[in-house]
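Morning, everyone. I have one model to show today, and I'll keep it brief. Have a look at it first.

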Amino acid sequence: MARNEEKAQSMLNRFITMKEEEKKKPKERRPYLASECRDLAEADKWRQQIMREIGRKVAEIQNEGLGEHRLRDLNDEINKLIREKAHWEKRIVELGGPNYTRHSAKMTDLDGNIVDVPNPGGRGPGYRYFGAAKKLPGVRELFEKPPELRKRRTRYDIYKRIDASYYGYRDDEDGILEKLEGPAEEKMRAAAMADWMEMEEIKKEARRAVKSGEVAEVGLTSKILFEEEEDVVEEERKEEREKEEKEKEFVAHVPLPDEKEIERMVLEKKKQELLSKYTSENLLEEQTEAKSMLNIQR
């Protein structure tokens, strides 16, 4: 019996395969420009074709043993197909189809975190890295975040945080101080009113005693201090305090004489003055006597 390979090479079988290929339509090529497509179904078909090609290449780029050059070439081809897919998606929207760009996939780093796609040109979907291409030298650094430097706060930043609560203007809003200050204020007010009432009674008793000519009790009069007397007493106390402060501040750097020493020094000074006066008078008398003896005329 003939083998299968020999059967396929027979004249009849080759004729049948040739007729089947003639019946098939010629293989269509994807248009170079998406703007040349006028049919929405055709545009969607070409987009699906690009998606399949991207899937095959992404599965191939997962192999780390392909080498650096092959990985870079595959990554470039995938990015080229992604840009072409974006053109077809834009054309589908122009033809009235759905907007596929809303649900496009995000790029992730080695840890699976979503990162921004590098796009220095600002156009298109940007350049992405897939599979083992993320571990290539020079690419890994793109996914590593630089350490955050702790910026020193300036004076402007410090003052920007200061508000009314910093100065205590909002302390009364929480109601805590009001609860604490209320009883204390009532107690202080009651004590002040009691002192005022006591002083008023003392003044009334003093006026009544002055009008009637009677002598007021010592316990009551000792508490009465009129405004003038209070001012005088206050001034005297102030002077005493100033004297005490001056005495405290004064520091003697040399030994000071006491009262007896001062009296002795004054007496010695007076004695010297008297002696100088007496000697001057004696000198004048001696000069006149000498002149008279010598008959010297002035």
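Let's start with Phe15. At 44% relative accessibility, Phe15 counts as partly exposed. The cut-offs: buried is under 20% relative accessible area, exposed is over 50%, and partly exposed is in between, with a 1.4 Å probe and protein chains only. Phe15 sits in helix H2, residues 11-23. Helices here are DSSP runs of H or I, at least four residues; strands are runs of E, at least two; both are numbered from the N terminus.

A word on ground rules. This is a predicted model, so local features need pLDDT of at least 70, side-chain atom pairs count only at pLDDT 80 or more, and totals for chains, interfaces and linings use all residues. Residues are numbered from 1 along each chain as its sequence is written, and side-chain values use heavy atoms, without hydrogens or water.

Now Glu53, in helix H3, residues 40-60. Buried or exposed? Glu53 counts as buried, because its relative accessibility is 18%. What does Glu53 contact, leaving aside neighbours within four places in sequence? Arg30 and Leu81. Contact means heavy atoms within 4.5 Å.

Now the whole chain. It has 10 helices and two strands. The order along the sequence is α-α-α-α-β-β-α-α-α-α-α-α. Of the 298 residues, 14% count as buried. Take contacts between residues at least 6 apart in sequence: 53% of them join residues at least 24 apart.
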